[in-house]
Amino acid sequence: MNPLQTFIKQLKPTRHRKTPNPNLPVSSWSEQDRYHNEIVDAFVLILRTRGCSWMFQSGCSMCGYFNDSMLSKVTSDQLINQYKQAMTRYNNEPIVKIFTSGSFLDANEVPEKVQEYIFSDLTKKTKKIAVESRPEYVTETSMNTIKNQLTKTELDIGIGLETSQDFIRDFAINKGFSFEDYRNAVTLVHNNNFSVKTYILIKPPFLTEKESIEDVKQTIDHVLPCTDQHDILSFNPTSVQKNTLVEYLWRRKQYRPPWLWSIIDMLTYAAKKQKKTRLQCDITGGGKKRGAHNCFTCDSEMLSAIKEFSLTQDPTIFKDVNCDCKNQWKDQLNLESTSFGSLPDVMNP
Ligand code: SF4
Ligand SMILES: [Zn+2]
């Protein structure tokens with residue numbers, strides 16, 4: 001392990017103070033989403049697995065998903081119990097999204113028999129399933145197993161690429177895979193007629209606000225040629241999660257979560273670039289100190305506009321939003337290179 005990996009690993013607890021119940025999911029809820037050109041309800045469920053395999057080795061600099069993981073073995077029966085428990089709240093939503101705070105296709109995290117159980121059950125119930133996976137678990141074998149279970153149901157596999165720049169992914173995010181690995185996984189997913197949701201990270205640590213905007217725009221340019229008709233680009237602004245490198249820097253005033261103005265700028269750029277790939281932006285902790293925010297006065301208006309954009313894909317929504325803090329944001333873009341890093345909220349502590 002390199003020093004960055006060692007440092008990230010030692011920030012994490014090795015077990016929970018209070019052991020969570022392995023028979024209960026982390027959470028489940030219904031939310032709005034798009035299914036082709038319609039706005040529909042989607043059912044979301046988060047399973048409590050042992051945790052992401054990469055997290056046990058060291059983990060990504062911004063990821064606090066392990067806070068929701070068991071951090072110890074969860075049996076197949078327990079995972080199926082969690083799934084059944086969550087599904088008691090299922091209301092025939094045409095999309096079902098299953099998150100595990102790791103990789104659904106990693107058999108060490110979700111055993112194949114559990115993957116098969118869930119896919120075969122959902123294929124009878126819903127039109128589209130969404131799961132997430134690191135690229136190394138997208139293999140010919142895993143694709144064939146899924147194809148045997150899903151007959152008509154569409155499948156969307158989310159991959160956390162974060163950035164198309166290997167240097168940033170290695171040294172700011174510590175993601176542990178390359179752009180080439182991502183591209184190979186995308187080809188495999190497409191060859192099996194499934195679709196890909198690519199997660200792009202907005203503002204990894206060590207990048208200034210301006211560098212992050214440039215990185216995201218460059219990533220959009222590099223990823224769009226890899227996309228297919230039903231693919232999604234999902235923009236994820238960094239939020240400050242407990243026991244992460246990002247939190248370590250944030251507490252020392254060396255990191256500020258992204259401005260909502262930056263996000264609007266990136267989404268407008270992506271919308272201008274193309275029309276076929278769906279764009280989406282879910283903001284965890286938006287409008288709070290630990291999440292993407294502006295001046296805290298205009299945040300709820302900006303967040304509503306970003307949410308509406310995700311549903312309608314119409315960037316003209318952003319023409320109607322304004323606030324004086326836009327000048328402060330622009331000043332920051334110009335000034336922060338002289339501060340040798342991301343400017344904290346000195347005006348709004
Ligand atoms: S971001 Fe994904 S790959 Fe990285 S540690 Fe978290 S769950 Fe694992
Ligand atoms: Zn404002």
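Trainee: Hi! How many helices and strands are in the chain?
Mentor: Hello! The chain has twelve helices and eight strands. Keep in mind that this is a predicted model.

Trainee: And what is the radius of gyration of the chain?
Mentor: The radius of gyration is 20 Å, close to the 20 Å that the globule rule gives for 349 residues, so the chain is as compact as a globular protein of that length.

Trainee: What does the C-alpha trace span along its principal axes?
Mentor: About 55 × 45 × 35 Å.

Trainee: OK, and what share of the residues count as buried?
Mentor: Of the 349 residues, 44% count as buried. As for contacts between residues at least 6 apart in sequence, 77% of them join residues at least 24 apart.

Trainee: Let's zoom in on a helix. Which residues of α5 are buried?
Mentor: In α5, which covers residues 140–149, the buried ones are S142, M143 and I146. Looking down the axis of α5, you find its buried residues within an arc of 100 degrees, so they line one face of the helix.

Trainee: Which residues are exposed on the other side of α5?
Mentor: There you have E140, T141, N144 and N148, which are exposed.

Trainee: Changing topic: which residues are around ligand 1?
Mentor: Around ligand 1 are C52, W54, M55, G59, C60, C63, Y65, S101, G102, R134 and G160.

Trainee: How does that shell split by class?
Mentor: The shell around ligand 1 has six nonpolar residues, four polar ones and one charged one.

Trainee: I was also checking backbone angles. What is phi of L71?
Mentor: Phi of L71 is near 65 degrees, a positive value in a residue other than glycine. You'll find L71 in the loop between α2 (53–57) and α3 (76–87).

Trainee: Is L71 buried or exposed?
Mentor: L71 has 21 other C-beta atoms within 10 Å, and a residue with 20 or more is taken as buried, so L71 is buried.

Trainee: And what about phi of F296?
Mentor: F296 is not a glycine either, and its phi is positive, about 80 degrees. F296 sits in the loop between β8 (278–281) and α11 (299–312).

Trainee: How many other C-beta atoms lie within 10 Å of F296?
Mentor: There are 13, so F296 is partly exposed.

Conventions: Residues are numbered from 1 along each chain as its sequence is written. Chains are lettered from A and ligands numbered from 1 in the order in which they are written. This is a predicted model: local features need pLDDT of at least 70, side-chain atom pairs count only at pLDDT 80 or more; totals for chains, interfaces and linings use all residues. A residue is near a molecule or strand if its C-beta atom, placed from the backbone, lies within 6 Å of it. Ala, Val, Leu, Ile, Met, Phe, Trp, Tyr, Cys and Pro count as nonpolar, Asp, Glu, Lys and Arg as charged, and the others, Gly among them, as polar. Helices (H or I, at least four residues) and strands (E, at least two) are DSSP runs, numbered from the N terminus. The radius of gyration is taken over C-alpha atoms; the globule rule is 2.2 Å times the number of residues to the power 0.38. A residue is buried if 20 or more other C-beta atoms lie within 10 Å of its own, exposed if 12 or fewer, and partly exposed in between; C-beta atoms are placed from the backbone. Two residues are in contact if their C-beta atoms, placed from the backbone, lie within 7 Å. The arc is that of the directions from the helix axis to the C-beta atoms.
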